Amino acid sequence: MQQTNWMAVRDKCIFIFQLARIQTDYVAEKLKTLYPDVLLEIVAMSTIGDKILDTALSKIGEKSLFTKELENALERNEVDLVVHSLKDLPTTLPNGFTIGAVLQRESPHDAVVLHPKNSGLTLDTLPDGSVIGTSSLRRAAQLKKKFPHLEFKDIRGNLNTRLKKLDEKEDYAAIILAAAGLKRMGWEARVSQVLGPEDCMYAVGQGALAVEVRARDCDILGMVSTLHHSETVLRCIAERAFLRRLEGGCSVPVAVNTEVKDSVLSLTGAVYSLDGADSLKEAMETSVDSGNKESADIQHVGVTAHNVPQCAQVAAEKLGVDLADLLLSKGAMEILTTARKLNDAR
Ligand code: DPM
């Protein structure tokens with residue numbers, strides 16, 4: 001018997017829409033391959049968050065603006081799955097929802113897209129006073145410190161609008177965007193430089209896709225859980241636990257770098273003042289070796305992954321919390337509170 005499931009995708013979202021559609025199609029294709037008998041239909045939706053996206057994300061503050069209406073549709077059973085960029089999902093989801101799948105991460109790094117006239121240059125070699133477009137407090141803070149000869153200005157609108165603003169005007173020498181989004185949009189050729197952790201650490205969850213579902217819907221949860229990528233799940237649980245403990249949303253200058261090697265999960269985390277002058281950065285690691293394969297239906301920072309060993313998930317979450325506590329003991333809250341106040345006053 002054919003079963004119909006509905007996926008939601010945001011429509012008319014200025015910045016994220018096209019990307020959201022591409023990402024939703026991608027997840028739908030994966031599900032179709034795994035479950036050829038399941039009929040998937042994609043429902044396009046627009047949300048308030050999408051309509052006011054001309055405001056810099058860091059000024060909107062509350063991420064749930066984008067996700068709330070989609071969650072309402074989930075709740076009303078109008079859709080069964082919602083595909084998001086994990087980095088846009090709050091670390092605490094509203095009751096009744098969970099992230100049922102975190103797919104294998106694309107490059108989590110940020111990338112430089114140059115104005116064509118600057119072709120061949122890098123952030124290092126761009127002339128003094130060159131203007132770089134980004135509305136991410138996290139990117140601006142790190143890059144201001146690292147490249148003091150550059151100037152940083154907000155840039156808004158969707159990916160196409162941003163590239164147009166870059167190419168057709170002389171306002172920006174370059175813009176910074178997530179490598180993963182550029183790749184999914186087919187704009188990989190415009191990437192002139194990928195920023196490693198020494199230049200710019202990435203945002204929590206960056207580069208990973210997440211599928212949000214009703215927490216109590218065992219059938220759908222079971223279906224999407226096969227999409228989980230264990231290593232990505234563990235890295236993202238650690239990153240999200242770190243951000244949650246710092247009480248950070250998408251609008252705070254918090255950055256991370258994670259790695260899994262030989263069953264050791266390492267997490268580097270940092271907080272910055274808006275100009276990058278003040279910062280705290282620490283690293284910790286934990287074993288995620290899972291001799292014990294026991295699983296349970298427990299959420300970790302919003303993620304339900306019964307096919308990933310429970311003890312490894314617990315260790316990953318603890319790693320994030322411990323690293324945040326270490327930074328808090330060194331004064332991270334003061335840095336973040338000041339950054340928030342200054343950003344609100346901008
Ligand atoms: C969040 C931030 C941005 C997005 C803040 C940050 C960038 C905002 C901006 C939390 N969400 O990264 O410090 O540049 O004004 C977003 C993008 C993707 C998901 C685009 C991008 C695609 C990459 C992915 C917007 N959300 O970061 O260039 O799937 O991780």
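**Close-ups of a predicted model**

**View 1. A five-stranded open sheet with mixed pairing, ordered β7-β6-β8-β5-β9.** Strands here are DSSP runs of E with at least two residues, and helices are runs of H or I with at least four residues, both numbered from the N terminus. Two strands count as paired if DSSP finds at least two bridges between them. β7 (151–153) and β9 (191–195) sit at the edges with a single partner strand each, so one side of each has no neighbour in the sheet. From one strand to the next, the twist averages 30 degrees (axes are lines fitted to C-alpha atoms, and angles run from 0 to 180 degrees between N-to-C directions).

This is a predicted model, so to speak of local features we need pLDDT of at least 70, side-chain atom pairs count only at pLDDT 80 or more, and totals for chains, interfaces and linings use all residues. Residues are numbered from 1 along each chain as its sequence is written, and side-chain values use heavy atoms, leaving out hydrogens and water.

**View 2. Zooming in on β5 and β8, an antiparallel pair.** Five bridges link β5 (residues 110–114) with β8. Look for Asp-110: standing opposite, in β8, is Ala-178.

View 3. Gly-207 has a polar backbone atom 2.7 Å from an oxygen atom of the ligand, while a polar side-chain atom of Asp-88 is 2.7 Å from a ligand nitrogen atom. On its own the ligand exposes 620 Å², and the protein buries 96% of that (areas by the Shrake-Rupley method with a 1.4 Å probe).

**View 4. The shell of 20 residues around the ligand.** Lys-87, Asp-88, Ser-136, Arg-139 and Gly-207 come nearest. Domain 1 (18–106 + 204–345) and domain 2 (110–194) both contribute to the shell, so the ligand lies between them (the bounds come from an automatic or database domain assignment).

**View 5. A three-stranded open sheet, β11-β12-β13, with antiparallel pairing.** The edges belong to β11 (254–261) and β13 (279–287), each with a single partner strand, so one side of each is left without a neighbour in the sheet. Nine bridges join β12 (residues 264–272) to β13. Among the residues to look for is Val-271, whose bridge partner in β13 is Leu-280.

Definitions and conventions:
Near = heavy atom within 4 Å. Polar contact = N/O pair within 3.5 Å; in protein donor to acceptor, adjacent residues only side chain to side chain.
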